[in-house]
Amino acid sequence: MSEITFDQTGDFVAVNAARAWLEKHGYSYGPMCMDMPIGILKGSWAIAKWRNLTAKERKQLDGQLISKDFREGPVILQLKDPATDEEIKAGNRIKQGAKS
């Protein structure tokens, strides 16, 4: 698993940076649902809000965005598969092999 932390400051700046990173690297993301995680899938997908995903669907995700406060950040991008060298260079701070 890889984790990338987006810790930019300002209203929704960190989550918007994470979304831009995801789009640049070919991922789709679901909508915000309060402080619940945001689901991520590789490719072009429509993803439901976290609360509307079944346990099976959550397990099928390629990752998730998590935060205690999406408005102020920081936002952590967790990917099941390790990030590539290119993705590592594009991220803010990355931890390879992070545990979920």
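## Loops, rings and strands of the chain

Pro74 lies in the loop between E4 and E5; elements are DSSP runs numbered from the N terminus, helices (H or I) having at least four residues and strands (E) at least two. The peptide bond that leads from Gly73 to Pro74 is cis, with omega near -5 degrees.

The model is predicted, so that local features require pLDDT of at least 70 and side-chain atom pairs pLDDT 80 or more, whereas totals for chains, interfaces and linings use all residues. Residues are numbered from 1 along each chain as its sequence is written, and side-chain values rest on heavy atoms, without hydrogens or water.

### Overall organisation

The chain contains three helices and six strands. Read from the N terminus, these elements follow the order β-α-β-β-α-β-β-α-β. Of the 100 residues in the chain, 38% are buried; the term denotes a relative accessible area under 20%, with exposed over 50% and partly exposed in between (1.4 Å probe, protein chains only). Contacts (heavy atoms within 4.5 Å) were also examined by sequence separation. Among those between residues at least 6 apart in sequence, 49% join residues at least 24 apart.

### Backbone exceptions

Most residues other than glycine have a negative phi, and most peptide bonds are trans. Phe12, in the loop between E1 and H1, has a positive phi of about 60 degrees although it is not a glycine. Met34 is likewise not a glycine and has a positive phi of about 55 degrees; Met34 is placed in the loop between E2 and strand E3 (38-42). Phe12 is partly exposed, and Met34 is exposed.

### The salt bridge

The structure has one salt bridge, with a side-chain nitrogen of Lys or Arg within 4 Å of a carboxyl oxygen of Asp or Glu as the criterion. Arg71 and Asp11 are the partners, and their closest N and O atoms are 3.4 Å apart. This pair connects distant parts of the chain, 60 residues apart: Arg71 belongs to the loop between strand E4 (63-66) and strand E5 (75-79), and Asp11 to the loop between strand E1 (2-6) and helix H1 (13-24). Both ends are partly exposed, Arg71 at 41% relative accessibility and Asp11 at 48%.

Neighbours within four places in sequence aside, Arg71 is in contact with Gly10, Asp11 and Phe12. Phe12 is therefore both a contact of Arg71 and partly exposed. Arg71 and Val15, 56 residues apart in sequence, are 7.6 Å apart in space, C-alpha to C-alpha.

A pair of aromatic rings is described by the distance of the centres and the angle of the planes. One aromatic pair is present in the structure. Trp21 and Tyr27 form this pair, which is stacked at 6.3 Å centre to centre with 20 degrees between the planes. Under the rule applied, rings of Phe, Tyr and Trp (its six-membered ring) pair if their centres lie within 6.5 Å, planes under 30 degrees apart being stacked, over 60 edge-to-face and the rest tilted. Both partners are buried.

Lys42 lies over the face of Tyr27, at 4.4 Å from the ring centre; the criterion places NZ of Lys or CZ of Arg within 6 Å of that centre and within 35 degrees of the ring normal.

Ser28 is part of strand E2 (residues 27-29) and is buried. Its side chain reaches the backbone oxygen of Gly43 at 2.4 Å. Beyond four places in sequence, Ser28 touches Gly39, Ile40, Leu41, Gly43, Ser44, Trp45 and Ile47.

The accessibilities of residues from these sections are collected below.

| Residue | Relative accessible area | Class |
|---|---|---|
| Trp21 | 4% | buried |
| Ser28 | 10% | buried |
| Tyr27 | 13% | buried |
| Phe12 | 26% | partly exposed |
| Met34 | 69% | exposed |

### Strand pairing around E4

E3 and E4 run antiparallel and are joined by three bridges; strands pair if DSSP finds at least two bridges between them. Gly39 has Gln64 as its bridge partner in E4. E4 also pairs with E5, in the antiparallel sense, over four bridges, and Leu65 stands opposite Leu77 in E5.

In a regular strand the side chains alternate between the two faces of the sheet. In E4 the covered face holds Gly63 and Leu65, and the uncovered face holds Gln64 and Ile66.

Methods
A polar contact is a pair of N or O atoms within 3.5 Å; within protein, one must be able to donate a hydrogen and the other to accept it, and residues adjacent in sequence count only if both atoms are side-chain atoms.
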